[in-house]
Amino acid sequence: MSIDEDLRNGGHNPVMVREVTEVLKPIPAGVLLDATVGAGGHTAAMLAHRPDLSFVGLDRDPSALATAARRLPGRVRLHRCRFADLGATLAELGIGALSGVVFDLGVSSMQLDTPDRGFSYRAAGPIDMRMDPGAELSAAQIVNEWPAERLRSLLREYGDEPSAHRIARAIVSHRPLRDTVELAEVVRAAIPARHRRRGGHPAKRSFQALRIAVNEELTQIAPALTQAIDHLVPRGRGVVLSYHSGEDRLVKDTLAVAASGGCSCPPRLPCVCGAVGSVRLLSRGAARPGAAETRRNPRAASARLRSFEKLPAVAA
């Protein structure tokens, strides 16, 4: 059975897998790190192309690691940790350098498709949304305990929700909320009817905002990406897949600083501050999935792929 057939039969479709493998094909022999391994789809694809690589997969979700362990061969080492802690994990494993790194940000299909995890607004489950089941903060605590103004700020900042004020007031007035379907209905009813007919499910933005807050997703991106760049060898490459504007903006900004070396000179003028970039960007903007992929896997539609290559160190 091919990797593609295995992934389809397992119900897990890695996003833009061909684009990811194409970017990573030229990396030198060494260690490839999948910093958000999930079901292991991107790592599985690279295993087929590069027998000279060793592989490390990280995830904070024990269910994801169990799935990856069943699907991936023994040459892949799997470890439970947040991707922002990859530097400390690599040190613990005795790995000082990486040839490549993959980040597939956001929620996985496995998490969305398991009602008991509480990520989905389409099936009843506990209002949880923790990627790490042992984490202290759950979405239920936010929904049932946070004041309306704090809820409004969260929905606006992490969900770009135009009806954040209405939704926050509705959530507070319907407490206690007990399951995800009840929460989704409260959100839907709070949004004006003219706004419900566009942008997918009316609760999509609110659930996204809650998930990001519970898992501190946005605060991890810059430090994790910076650590990965620091560990890459010259000509080593990295790929980052993001799924909403907040993620992609952080990725873009972090890579821009790495590419410019933090140059503070005015745009379009020669650099005189002495900044030296550590990476080159492999494309001017973000790549998007093709029409065939989005038809096959609608969850890929919002994906943006950015890639980069580590530059040789400049002699002093």
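Is Asp52 buried, exposed or partly exposed? Asp52 counts as partly exposed, because its relative accessibility is 40%. Buried means under 20% relative accessible area, exposed means over 50%, and partly exposed lies in between (1.4 Å probe, protein chains only).

This is a predicted model, in which local features need pLDDT of at least 70 and side-chain atom pairs count only at pLDDT 80 or more, while totals for chains, interfaces and linings use all residues. Residues are numbered from 1 along each chain as its sequence is written, and side-chain values use heavy atoms, with hydrogens and water left out.

**Salt bridges**

Side chains of opposite charge can pair when their charged atoms come close. A salt bridge is a side-chain nitrogen of Lys or Arg within 4 Å of a carboxyl oxygen of Asp or Glu. The whole structure holds 15 salt bridges. The table gives some of them.

| Pair | N to O distance |
|---|---|
| Asp52 and Arg50 | 2.8 Å |
| Arg299 and Asp113 | 2.7 Å |
| Arg211 and Glu217 | 2.8 Å |

Arg50 is buried, with a relative accessible area of 10%.

Next come Arg299 and Asp113, which meet in a salt bridge. This pair links distant parts of the chain, 186 residues apart. Arg299 sits in the loop between α15 (291-296) and β7 (304-310). Asp113 sits in the loop between α6 (109-112) and α7 (139-145). Helices (H or I, at least four residues) and strands (E, at least two) are DSSP runs, numbered from the N terminus. Arg299 is partly exposed at 40% relative accessibility. Asp113 is partly exposed too, with a relative accessible area of 45%.

Arg211 and Glu217 form another salt bridge. Arg211 is buried, at a relative accessible area of 10%. Glu217 is buried, at 5% relative accessibility. Elsewhere, salt bridges that share partners join Arg82, Asp85 and Glu216 into one network.

**Helix packing**

Two packed helices are described by the angle between their axes and the distance between the axes. Axes are lines fitted to C-alpha atoms, for helices over the stretch in contact, and angles run from 0 to 180 degrees between N-to-C directions.

How do α8 and α9 pack, and at what angle? Helix α8 (residues 148-159) and helix α9 (residues 164-173) pack at about 135°, with axes 8 Å apart. That angle makes α8 oblique to α9. Angles under 35 degrees count as roughly parallel, over 145 as roughly antiparallel, 65 to 115 as roughly perpendicular, and the rest as oblique. From α8, the contact uses Ala148, Leu151, Arg152, Leu155 and Arg156. From α9, it uses Ala164, His165, Ile167, Ala168, Ile171 and Val172. Contact means heavy atoms within 4.5 Å. These residues divide into eight nonpolar, one polar and two charged. Ala, Val, Leu, Ile, Met, Phe, Trp, Tyr, Cys and Pro count as nonpolar, Asp, Glu, Lys and Arg as charged, and the others, Gly among them, as polar.

α9 also packs with helix α10 (residues 180-190). The angle is about 135°, and the axes are 8 Å apart. That makes α9 oblique to α10. Arg166, Ile167, Ala170 and Ile171 in α9 meet Leu183, Val186, Val187 and Ala190 in α10. By class, this contact has seven nonpolar, no polar and one charged residues.

**A strand residue**

Val233 lies in strand β5 (residues 232-242). What does Val233 contact, leaving aside its neighbours within four places in sequence? Its contacts are Pro28, Ala97, Leu98, Ser99 and Lys310. The C-alpha atoms of Val233 and Asp113 are separated by 37 Å. Along the chain, Val233 and Asp113 are 120 residues apart.
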